[in-house]
Each structure stands twice: as C-alpha cells, then as structure tokens.
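Hi,

Here is the structure I promised to pass on.

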Amino acid sequence: MSISEETLQQIIKSVVTQVESELGHKHSAPATGSQSATPVAPVKMKAVTNKPVFKEHTYRSSGEGIYTTVDEAVSRSAAAQKKYVKHFTMNDRVTVLNAIKQTVLSSKDTLSKMAVEETGIGCYEDKIQKHELVCKKTPGIEDLKTEAMSGDDGLTIIEEAPFGVIGAVTPVTNPTTTIINNSLSMLAAGNTVVFNVHPSSKKVCSYLIRELHQSIVQAGGPADLITMVADPTLDTLNELAAHPDIRLLVGTGGPGLVKSLLQSGKKAIGAGAGNPPVIVDETADLVNAAKSIILGASFDHNLLCIAEKEVFVLEEAANELIYQMLDQGAYMLNNEELSRVMSLVLTEDSSSPVAGGCTGKPSKKYHVKKEWIGQSAAAIARAAGINKENIKLLICETDPDHPFVVLEQMMPVLPIVKTQSFEEAVEWAVAAEKGNRHTAVIHSTNVDRMTAFARAIETTIFVKNASSLAGVGFGGEGHTTMTIAGPTGEGVTSARSFTRKRRCVLAEGGFRIIG
Ligand code: NAD
C-alpha cells in the first residue's frame with residue numbers, strides 16, 4: 001500500500017494535534033511542507049504497552065546461532081529466553097515453530113544429503129522421511145496442559161512452565177532430526193536450547209542451525225533461540241553441563257552419555273541405548289510380520305534406537321517367517337557367509353570370555369566396528385564377498401548368545417533365533433534387551449501373550465503387529481520423538497517433558513464479595 005505525501009502530512013499533523021491536546025497544549029502547529037493542511041479526523045492512539053508487535057521484532061546476532069565458546073552460546077541463549085517468555089505470546093511460539101517446520105521441509109533433501117555425506121552412515125531416502133516425520137508429528141504448544149482445581153477454598157492451577165536454557169546433546173545416528181524434534185518441543189514449552197552435537201555431525205548441524213536462525217528471525221522471532229557450540233567436544237559438553245545458566249540437560253545417545261549427564265548434579269533427561277527384540281509366534285500374520293520386520297530393521301540401515309535388532313520366532317512359525325522375509329527382499333546368510341560377515345563387522349576381544357548372553361553362559365566378547373555401522377545390506381554383503389545387490393536386509397539363524405543378538409550392532413544384519421516355546425522366547429528377548437527398557441515388538445494374535453511379554457520386558461515402547469517405526473508415530477498413532485527417555489522415565493518426549501510444574505493458587509474463590 002503506498003501513502004501519498006499529502007496524506008502523510010495530514011496524519012502527522014493529526015497525531016501532533018492529538019498528542020498536544022492530550023498534553024494540555026493548545027494546537028498551534030503550522031502545516032509542514034509546501035502543502036496546506038486539510039483537517040483530518042484525529043487518529044485514535046493505541047495505549048503503549050511494553051509488548052512489542054511480533055512482526056516488527058528483530059534482534060541481531062553475529063554468530064547466527066553458532067558460537068565458539070560455551071559461555072557465549074549459553075549467555076546469548078539465556079538473553080533470548082528472557083525475551084522469548086517476556087515479549088512473545090503463545091501464538092508467537094506457533095509462528096516460530098511453523099517457521100522451523102517450513103525451513104526443514106524445504107531443505108530436507110540438502111539436510112539428508114549432507115548428513116549422509118558427513119557422517120558416512122544411513123540412507124538418504126529414509127533420512128528425508130525422518131525429516132518429514134519430525135515436522136509433521138512433533139507436537140507444539142497444544143501439548144502443554146494446565147490443570148485446574150476449584151472448590152470452597154478457591155482456585156488452583158498447575159501450569160507447565162519453561163525450565164529456561166536447556167543444554168542438549170545429540171547422536172550421530174539422527175543428527176539433524178534430533179535437533180529439529182528437540183527444538184520444536186523445547187521452544188513450544190518456552191525454553192531455549194544450546195546444542196553440543198556429535199562431533200562427526202557438526203557441519204550439517206551448523207548448517208541446520210544457521211538455517212533455523214535465519215527463518216526464526218525472518219518470521220520476527222528472537223535470535224539465538226537455538227544455538228550450538230561450533231566445535232563440540234567432551235570438554236565443551238562438560239562445560240555446558242556445569243554452566244550455571246543451564247537449568248536442564250537432555251542427552252540422546254549411548255549409555256556413557258546418559259551416565260555422565262546424570263552425574264552432573266542437575267535435572268537431566270536421558271535417552272539411552274536400545275537393543276529391541278521381536279517375538280513372532282505361530283498365531284501371527286506372518287506375511288505382515290515379515291514385511292514389518294524388514295521395514296523397521298532396514299530403515300536408515302538400522303540406525304534407529306527403536307529398530308528391530310533380533311528376532312525370536314517360535315519353531316512352528318520359523319520356516320514360514322523366513323520364507324516370507326526372503327520373498328520380500330531379505331537375504332539369508334549361510335554359516336560360512338555369516339562367519340565372513342562377522343569377521344568383517346566385529347572385532348573379537350582377546351581378553352577372557354565374559355558372561356552376559358541370553359543364556360548367561362560365558363561367551364567371547366565382541367565389539368562392533370564403527371566403519372560398518374549404518375551401512376547398507378548390499379555394501380556389507382559385497383565386502384563379505386556375497387554378490388547380492390537388491391537386498392534390503394541380511395538375515396541369519398543364530399543361537400541366543402550370538403554377538404549379533406547381544407550387541408546393539410546398528411546395521412541391517414538381523415539374527416533370527418528359533419525357540420521351543422513362547423516362555424523361552426520371552427526369557428531370551430528380555431535378556432537380549434538387557435534392561436534398557438527401550439523398545440520391544442511382538443507379532444501375535446494372542447492377547448494373553450502380548451500382555452505377558454509387555455509385562456516381562458517393561459519397555460518404554462511396545463509395538464504389536466507392526467514395524468517398530470509405528471512406536472514413534474511412523475505408521476502408528478501418536479506423536480513422534482527422536483528422544484525416547486527410558487532411563488529417566490519421560491518416555492516418548494514432547495513439549496511437556498521440558499517443563500516445570502508450577503502451582504498458582506487463588507484463595508477463597510470470591511466468598512468475601514458474595515458475603
Ligand atoms: P554416542 O553415545 O556415542 O554419542 C551421543 C552423544 O554423546 C554425542 O554427542 C557424543 O559426543 C556424546 N558422548 C559420547 N560418549 C560420551 C561420554 N562418555 N560422555 C559424555 N558424552 C558422550 O551415541 P551415537 O553413536 O551418537 O548414537 C547411537 C546411540 O544412541 C545408540 O546407543 C542408540 O541406541 C542411542 N540413541 C538413543 C535414542 C533414544 O531416544 N533413546 C535416540 C537415538 C540414539
């Protein structure tokens with residue numbers, strides 16, 4: 001809309017007149033400029049409040065969210081958090097969250113490509129789907145619930161308030177999607193966040209945080225809602241955890257990380273390792289079981305912590321399940337090929353045998369070779385001298401103490417263990433899960449068995465007759481998360497996981513007036 005010079009002059013004059021009259025001055029201002037002033041209706045002024053209009057708000061940041069020192073990242077984040085809760089409404093938070101989602105959806109290809117290139121793990125096409133999932137299914141402010149209690153003694157509400165500045169640590173397996181999912185939840189709850197990302201993903205994470213920074217500022221939001229330490233190390237992580245302005249720590253990764261955050265002396269949310277077992281019995285729809293297991297175990301080359309990692313199948317169902325899996329893109333390793341794959345992807349510990357397998361018998365100790373984590377089934381097969389290109393998943397028949405059962409190997413090699421009874425399947429599945437209480441899956445139509453397995457394994461996510469992905473809202477109902485906090489109990493995290501409960505009490509409920 002363009003305003004003519006004449007109209008502008010009239011507006012200025014009218015405002016000056018009104019201000020002067022409000023200040024008690026008699027109007028005497030001459031017409032400004034060369035135009036003679038024509039009287040216009042006085043402009044009604046709005047009361048000036050401290051609350052800025054969202055769209056006009058801009059803050060400067062030299063680092064676009066990326067800072068060389070922990071202290072700078074945290075102090076900028078703390079300043080941004082104060083502004084965010086003081087000057088921005090709940091609707092403004094929605095605008096910020098939408099800006100983040102739009103940016104991610106328009107750069108999901110680049111982010112996925114960069115993540116695969118930099119980390120060297122995972123599958124580009126699946127990473128695109130992960131970016132879509134976190135944008136579509138991460139809840140926003142609607143996740144925050146206020147409880148109210150009213151009665152003779154008045155009204156009490158319990159509201160979910162922000163912690164302040166959160167220090168968050170992210171895994172190499174879901175580098176960008178954890179930042180996006182955590183940021184959406186944490187910002188919805190009124191927090192700001194400083195990330196210490198996995199060092200092997202710092203390039204793509206810096207790119208993402210810069211993009212998010214620009215989109216938030218362009219939408220009128222404050223700078224530095226999402227920041228990161230430019231060169232993340234274990235030292236910067238310790239500094240972040242010890243920083244007095246960090247009010248909550250959130251760690252998504254392996255057991256070392258969770259343990260270290262829980263020792264910080266601060267409130268910490270720990271999302272740790274999983275080794276999800278699957279039970280398949282003879283009552284299951286075996287076509288669907290095969291399809292679901294292949295989908296979950298091959299998605300992003302098995303990098304997800306919820307992904308199917310070992311199968312316990314009842315003897316009566318085993319041949320048909322394997323047949324269906326082969327029919328749908330899996331490849332069965334024979335014993336000789338299995339040995340070759342084992343020597344390719346595992347290192348054997350030369351120290352003495354250790355206990356800890358499903359049967360509790362002593363076994364050799366193995367470690368997963370990092371270079372094979374998150375590689376495709378075809379690449380692993382090729383390197384092991386198996387000439388198979390169009391395969392989604394390598395499967396093998398093993399005993400319950402096999403290292404592929406015991407280790408969280410994070411690659412598309414899935415051991416299948418035959419069991420003589422359902423009870424034996426449960427016992428071995430519980431042992432393989434190792435008390436992580438993370439994720440488990442069952443394919444069965446026997447409700448009693450579903451209940452028995454769920455009670456025995458006590459996982460945070462328990463999926464029946466679907467792929468493990470359904471547990472994070474991919475083909476299943478419910479919201480998604482990239483931070484499944486089993487050890488600390490928040491479960492499938494969302495905005496409300498990053499809040500403090502505050503009680504606000506109004507006493508007497510107005511009885512004094514009623515009399
Ligand atoms: P990782 O534990 O090696 O690294 C995760 C993060 O923690 C990184 O930023 C890393 O720098 C840091 N870190 C690693 N060891 C640490 C220590 N001893 N002290 C402090 N910080 C440490 O894990 P990863 O390889 O990046 O990710 C894979 C692991 O994360 C798997 O075990 C997987 O199951 C788990 N994971 C869990 C969830 C969940 O929601 N529960 C989600 C994704 C991944």
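**Where the ligand sits**

The ligand lies between domain 1 (49-272 + 493-501) and domain 2 (277-478), because both of them give residues to the shell around it. Do keep in mind that this is a predicted model. As for pockets, the ligand sits in the largest pocket.

So who are the neighbours? There are 28 residues around the ligand, and those that come nearest are Val172, Gly254, Gly272, Glu408 and Ile484.

Helix H7 (234-242) and helix H8 (255-262) each put at least two residues into the shell around the ligand. H8 gives the most, with 3 residues.

An oxygen atom of the ligand lies 2.8 Å from a backbone N or O atom of Val172. At Gly254, a backbone N or O atom is 2.7 Å from an oxygen atom of the ligand. For His198, the distance between a polar backbone atom and an oxygen atom of the ligand is 3.4 Å. How much of the ligand does the protein bury? On its own the ligand exposes 830 Å², and the protein buries 83% of that.

Cheers

Technical notes. Residues are numbered from 1 along each chain as its sequence is written. This is a predicted model: local features need pLDDT of at least 70, side-chain atom pairs count only at pLDDT 80 or more; totals for chains, interfaces and linings use all residues. Side-chain values use heavy atoms; hydrogens and water are left out. A residue is near a molecule or strand if one of its heavy atoms lies within 4 Å of it. A polar contact is a pair of N or O atoms within 3.5 Å; within protein, one must be able to donate a hydrogen and the other to accept it, and residues adjacent in sequence count only if both atoms are side-chain atoms. Accessible areas come from the Shrake-Rupley method with a 1.4 Å probe; for residues, only the protein chains shown count as cover. On a 1 Å grid over the protein atoms alone, a cavity is a set of points where a 1.4 Å probe fits but cannot get out, and a pocket is an open set with protein on both sides within 12 Å along at least five of seven lines; lining residues have an atom within 4 Å of a point. A molecule sits in a cavity or pocket if more than half of its atoms lie within 2 Å of its grid points. Helices (H or I, at least four residues) and strands (E, at least two) are DSSP runs, numbered from the N terminus. Domain bounds come from an automatic or database domain assignment.
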